Amino acid sequence: MEIAVNKELKMDFQDIIREKRDGQTLSEKEIGYLVKGISDGSLPDYQIAAWAMAVYFQGMDDRETRDLAMAMAYSGEVVDLSFIPGIKVDKHSTGGVGDKTTLIVTPLVAAAGIPVAKMSGRGLGHTGGTVDKYASIPGFQVERKFPDFIKQVQQVGAAVVSQSGNLVPADKRLYAIRDVTATVESIPLIASSIMSKKIASGANSIILDVKVGSGAFMKEQEKAEELARTMVEIGKRAGRRVISVLSDMEQPLGRMVGNALEVKEAIDTLKGRGSQDLLELSLVLASYMLILGGKTSSLEEARESVREILVSGRGWEKFQEMIAAQGGELKQEMENYGLPQALSKQEVKAAKSGYVSAVNAFLIGHTAMMLGAGRARLEDDIDYAVGVELLKKTGDPVQAGDTLALLHLNDEKRIEPASLEVSRAYIISPDPPQKKRLILDIIE
Ligand code: URA
């Protein structure tokens with residue numbers, strides 16, 4: 001078996017794995033060697049996997065996590081946004097179900113005069129990817145040449161594109177290995193993975209939406225807080241201002257889960273007709289982005305500005321401007337704006353009466369994936385039209401036989417398993433559940 005040894009640094013990767021396995025801290029040099037070996041291919045998958053598992057069990061301290069994030073951030077191309085005047089604010093969600101806030105927040109913030117130059121990822125597993133949602137709009141181009149991307153932000157104020165292939169190659173390889181070795185759920189690995197991409201993407205300030213609950217990587221608030229704090233700290237050390245919003249992901253956000261369905265819901269929200277939870281989280285995130293962008297230091301003032309932009313329709317106008325700039329076509333005369341539509345809808349009904357006490361976000365995300373809205377592997381194709389529409393959410397009273405949700409589907413064979421999964425997601429209890437907060441904490 002080949003053993004990776006870097007002659008120049010006189011490092012044996014086996015020793016690095018052993019040190020981590022035994023709970024020691026790795027030096028900046030060792031982490032640099034590791035990241036170089038991941039990105040140039042000199043380290044084999046099995047040694048990287050063994051090291052990731054050692055980190056999973058032994059963790060990393062703040063210094064190691066920061067060194068890992070920085071080494072990964074500079075493992076490939078680093079975007080220079082200095083051509084765009086002003087403070088550039090980026091947004092990142094740790095991944096949720098029905099989370100279409102970027103589609104709402106981007107035009108609201110851009111309309112307030114803060115440039116949004118955003119690179120987003122594709123969805124993997126039960127969580128959706130922002131780029132896939134935009135890509136469901138007919139004609140919309142998610143791939144843009146860098147000068148065109150910059151030009152659009154200068155002219156329109158906002159652009160959202162697919163992450164460049166050369167950005168953070170070390171994370172790309174490490175994440176793919178973690179994904180198949182049960183080592184994703186590690187706070188230092190998640191924090192360094194996310195922050196390396198944010199640092200390489202070039203923004204000055206970052207708002208992080210850290211999700212907590214069944215549909216999130218972090219199921220418990222305590223762990224989510226630790227993740228948020230770690231990321232804020234990495235950002236600070238890298239000269240970025242970072243604010244983390246901890247938000248509930250026990251049930252999906254809004255009512256639609258699935259790419260084109262979520263675009264439609266985002267448009268409805270920008271037109272003042274969205275779900276309350278989706279609107280509230282969007283207003284909170286956009287308000288903090290105004291603060292990060294230096295528009296105001298008062299949260300009340302920021303919220304008032306964002307509200308005014310929404311109510312006046314300026315957010316909706318900015319959304320249309322950005323979509324058109326990227327080649328997207330929305331048909332105003334059609335109820336669903338000409339977005340892809342599934343062939344049929346299937347009702348999922350309540351088996352008993354009571355109150356909805358839970359709508360498990362993971363199971364709803366998994367249902368959308370079963371219908372074809374998500375991908376199990378990055379190279380999989382997805383169906384933009386399909387998904388789940390939630391007619392009842394946590395706290396709603398229901399009668400036996402009421403429709404809980406609608407499946408939007410293109411393949412009849414998927415009706416039975418998908419209906420079963422949605423039925424499993426809904427818990428109906430005799431008493432109303434305690435109301436849960438949507439915004440759980442803010443960490444600066
Ligand atoms: N999202 C990322 O980009 N990386 C992780 O490790 C987890 C979620």
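Predicted model: local features only at pLDDT ≥ 70, side-chain atom pairs only at ≥ 80, totals over all residues.
Two strands count as paired if DSSP finds at least two bridges between them. Keep that in mind for the strand section below.

**Strand pairing around β10**
- Strand β10 (residues 354–359) runs antiparallel to strand β12 (residues 397–398), and two bridges join them.
- Look for glycine 354 here: its bridge partner in β12 is valine 398.
- β10 also pairs with strand β14 (residues 426–429), again in the antiparallel sense, over four bridges.
- On that side, alanine 358 stands opposite isoleucine 427 of β14.

- In soluble globular proteins, nonpolar side chains tend to be buried together.
- Here the largest nonpolar core has 83 residues, and Tyr134, Leu330, Ile364 and Val388 have the most contacts inside it.
- Helix α12 (residues 276–292) supplies the largest share of this core, with twelve residues.
- Because domain 2 (89–325) and domain 3 (344–429) both give residues to this core, it lies between them.
- Setting aside residues up to four places away in sequence, isoleucine 364 touches Val97, Pro252, Val257, Val359, Val388, Leu390, Val422 and Ala425.
- A second, separate core has 36 residues, among them Ala49, Val55, Met72 and Val153.

**Helix α8**
- In helix α8 (residues 169–179), the buried residues are Ala170, Asp171, Leu174, Ile177 and Arg178.
- These residues lie on the same side of α8 because they cover an arc of only 130° around the axis.
- The elements covering the buried residues of α8 include α2 (28–40), α3 (45–58), α4 (62–73) and α9 (187–200).

Technical notes. Residues numbered from 1 in each chain as written. Heavy atoms only, no water. Buried < 20%, exposed > 50% of the residue type's maximum accessible area, 1.4 Å probe, protein only. Arc of directions from axis to C-beta. Contact = heavy atoms within 4.5 Å. Core = buried A, V, L, I, M, F, W, Y, C linked by side-chain atoms within 4.5 Å. Domains from an automatic or database assignment.
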